[in-house]
Amino acid sequence: MTLAEKLDTLPTRPGVYLFKGREGEILYVGKARVLRDRVRSYFQGSRPVEVHKSGMVEEIADLDLVVTDTEMEALALENNLIKRHKPPYNVRLRDDKNHPYLKLTLAEEYPRLYIVRRPAEDGNAYGGPYIPASLGRKTSGLVRKLFGVRSCKEALNGRRPRPCLQYQIKRCSGPCAFAGLAGAYAEQVEDVKMFLSGKDAELLTRLRGRMAARAEREDFEVAAVLRDSIAAVERTLAKQHIVQDEFVDQDVWGLAREADVAEVVVLFIRGGKLVGRRAFQQKDQELPDVTVIAEHLQQYYATGTLIPDEVVVGVELEDAELLGDWLSSVRGKRVRIVEPRRGIRARLVELADRNAQASAASRHGRDADADALLDKVARRLALPRPPRRIECFDIAHIQGSETVAAMVTFVDGVPARNLYRKFKVRTVDNNDFAAMYEVLTRRFKRAGGTGESGDAGDDAWAPPDLLVIDGGKGQLGMAVAALTDLGVQLGGEGGLEVIGLAKERELDAGSAPDRIYRRTVKDSIPLRPNSPELYVLARIRDEAHRFANTFHRDRRSKATLRSELDAIPGIGTTRRQRLLKQFGSVRAIRQASVDDLARAPGMNRKAAEQIADYFARQAAGEAGDAGDALDEAIDDLTDASAQGAGAATGEPLDGAIDGDATYADPGPTDADDDAPAEPVA
């Protein structure tokens, strides 16, 4: 069916439409209350086409439809399709990571506090988001230090003989080891709830009252702890900015435009306090402000982030009511979409817009600095163009054990951690050159589909502009060999450039600086200390080294920290953990009966018998080894006695072969000295 025929048969139901190009690629995904009216509006010659749609309409060659029962279903489906297909004419959240929140598990008898990335409406208490992520970790440590709420998954079954290190450093009250803490722990949990929900005045009043009560009872040690907690909370509150008197949770969205670049900022206001912000940038974006804000709202809250009471925007959204209903259904509580024209909320939107302008100016300055830096690298290495994407590889092992490799990627001089990759070296052990050949072969087979594992459409495996090898001329030669064998074009206008980067070394005459090795140059090129090209290349080299060593340490730790239970057939990770949790140690498991093992969680009779048989065979083997050792000791004693008797009589030693008899010197021995003297005739 042609595109014109599809336009004539469009349904009048709600749904999602997908515009496709000549190659079948998806250009745009949209939703509609009435599919026929919305889709036909793109192709009506009687009305002028909006500027931002004109280029897309010229490329449309086909159309797909998905009919839904409701507009809300269409909105949710649109979000999923945009995330899956990444159409070029849709707004895309490039920074789609979830920032951390603090979760307090209120459903448990002794609630825990820990960091999560996806909050949910599950009856638990949440605080955040914390931006940057380090702020979340610091806040978690502060809350546990102030209030002593646990963070572990320890089973509170009364079997732990003593508390863990967190109790010793005063970051947990130790409910795993001490009984009778329910009342005091409930007070601590209530304090944490107030802290996370922003009820700071109530929290301080509560803490001061408890401090005074403890002081009256002359419990000065606890009163001093409460005094320190009050001071710490007051210091924390001094860093927060109060932006309005209403104690309501809000996300305020702002926008700044510069040509075809849109900078979107969301301010997080919790309980009337500005606690953080987050910025997004959209390049090559000609969509109107209303569409940019609306699509950002949809995609941002579809990632599972915490939805506040109010979402405040500075534009009139076309589907504001629908968006509000969808957010309310996701949150489980009513959510308001507010479009203020005056008052405190309008001033908050202005604040968000100013933050967007500042973020755009800061990002523009960073981009200009990065361009200048990469231009200097290109000139120094005689590259045909600035290396926008740089990859570096490093090998890590200890005497050939657990050999691994790491690939780190910098885009525009900045680490792109979502493009980092780790490799387990499969074919070699203690050979850095062969390991480099293997890893580069595996990586570049995925770059351009040169093998059955090619993933040419994946950004993670797109070929770089510059490949950096951590090492000297030998590692560089092996990298060139691997790329040549794969048919990768090296050098030239459209080819890949590869260099080796050797670290600074100490010589008798002084230290030799970092050096670059190139394919086409015989001698190494020294890099001046503190030069911009050294800054970029050494930074990516050190990052690759760190990433490879971290992966190697993780692998080595897993290889050495193995339980004795891993050797038993049918006992995997889950069963091993449950057994250790049930019995407490491998020794207790070894001593348990088959019936006790079978009654353990996740176990059955067959697995219990396998464990019992394994330890029984092990015990029999140990007993056999002990018996063999005893027999050998007895034989040694017998041999020693025989040798002593032979020495006293001049008889051949036991074991001597006839004809080659060896006679002992009948001189004085310890045995002769200890023997009773014979009577004199």
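**Exercise 1. Overall make-up**

Task: State how many helices and strands the protein chain has, and what share of its residues is buried.

Solution. Step 1: the protein chain holds 20 helices and 22 strands. Here helices (H or I, at least four residues) and strands (E, at least two) are DSSP runs, numbered from the N terminus. Step 2: of the 681 residues in the protein chain, 41% are buried. Buried means under 20% relative accessible area, exposed over 50%, and partly exposed in between, with a 1.4 Å probe and protein chains only. Step 3: among contacts with a separation of 6 or more, 59% are between residues 24 or more positions apart; contact means heavy atoms within 4.5 Å.

The model is predicted: local features need pLDDT of at least 70, side-chain atom pairs count only at pLDDT 80 or more, and totals for chains, interfaces and linings use all residues. Residues are numbered from 1 along each chain as its sequence is written, and side-chain values use heavy atoms, with hydrogens and water left out.

**Exercise 2. The sheet with strands 1, 2 and 3**

Task: Give the strand order of the open sheet of 3 strands, and find what packs on it.

Solution. Step 1: the order is 2-1-3, and the pairing is antiparallel. Two strands pair if DSSP finds at least two bridges between them. Step 4: strand 1 (residues 15–20) is joined to strand 2 by 6 bridges, and the two run antiparallel. In this pair Gly-15 stands opposite Ala-32. Step 5: helix 4 (residues 71–85) packs on the sheet and touches strand 1, strand 2 and strand 3. The direction of helix 4 makes about 170° with that of strand 2. Axes are lines fitted to C-alpha atoms, for helices over the stretch in contact, and angles run from 0 to 180 degrees between N-to-C directions.

**Exercise 3. Strand 17 and its partners**

Task: Determine how many residues of strand 17 are buried, and which strands pair with strand 17.

Solution. Step 1: 5 of the 5 residues of strand 17 (residues 466–470) are buried, so strand 17 is largely enclosed by the rest of the structure. Step 2: in a regular strand, side chains alternate between the two faces of the sheet. In strand 17, Leu-466, Val-468 and Asp-470 are buried on one side, and Leu-467 and Ile-469 are buried on the other. Step 3: strand 13 (residues 389–398) runs parallel to strand 17 and is joined to it by 4 bridges. Phe-393 stands opposite Ile-469. Step 4: strand 18 (residues 497–502) also pairs with strand 17 in the parallel sense, over 5 bridges, and here Ile-469 stands opposite Gly-500. Step 5: from strand 17 the chain passes through helix 14 (residues 473–485) to strand 18, a β-α-β crossover that is right-handed. Right-handed means that, with the strands pointing away from the viewer, the path from the first strand over the helix to the second runs clockwise.

**Exercise 4. Two packed helices**

Task: Describe how helix 10 and helix 11 pack.

Solution. Step 1: helix 10 (residues 289–302) and helix 11 (residues 320–331) pack at an angle of about 5°, and their axes are 12 Å apart. Step 2: helix 10 and helix 11 are therefore roughly parallel, a term for angles under 35 degrees. Step 3: Leu-297, Gln-298, Tyr-301 and Ala-302 of helix 10 meet Leu-323, Trp-326 and Leu-327 of helix 11. Step 4: Asp-319 is in the loop between strand 11 (310–312) and helix 11. Asp-319 is buried at a relative accessible area of 16%. Neighbours within four places in sequence aside, Asp-319 is in contact with Lys-31 and Arg-33.

Key:
Parallel < 35°, antiparallel > 145°, perpendicular 65-115°, else oblique.
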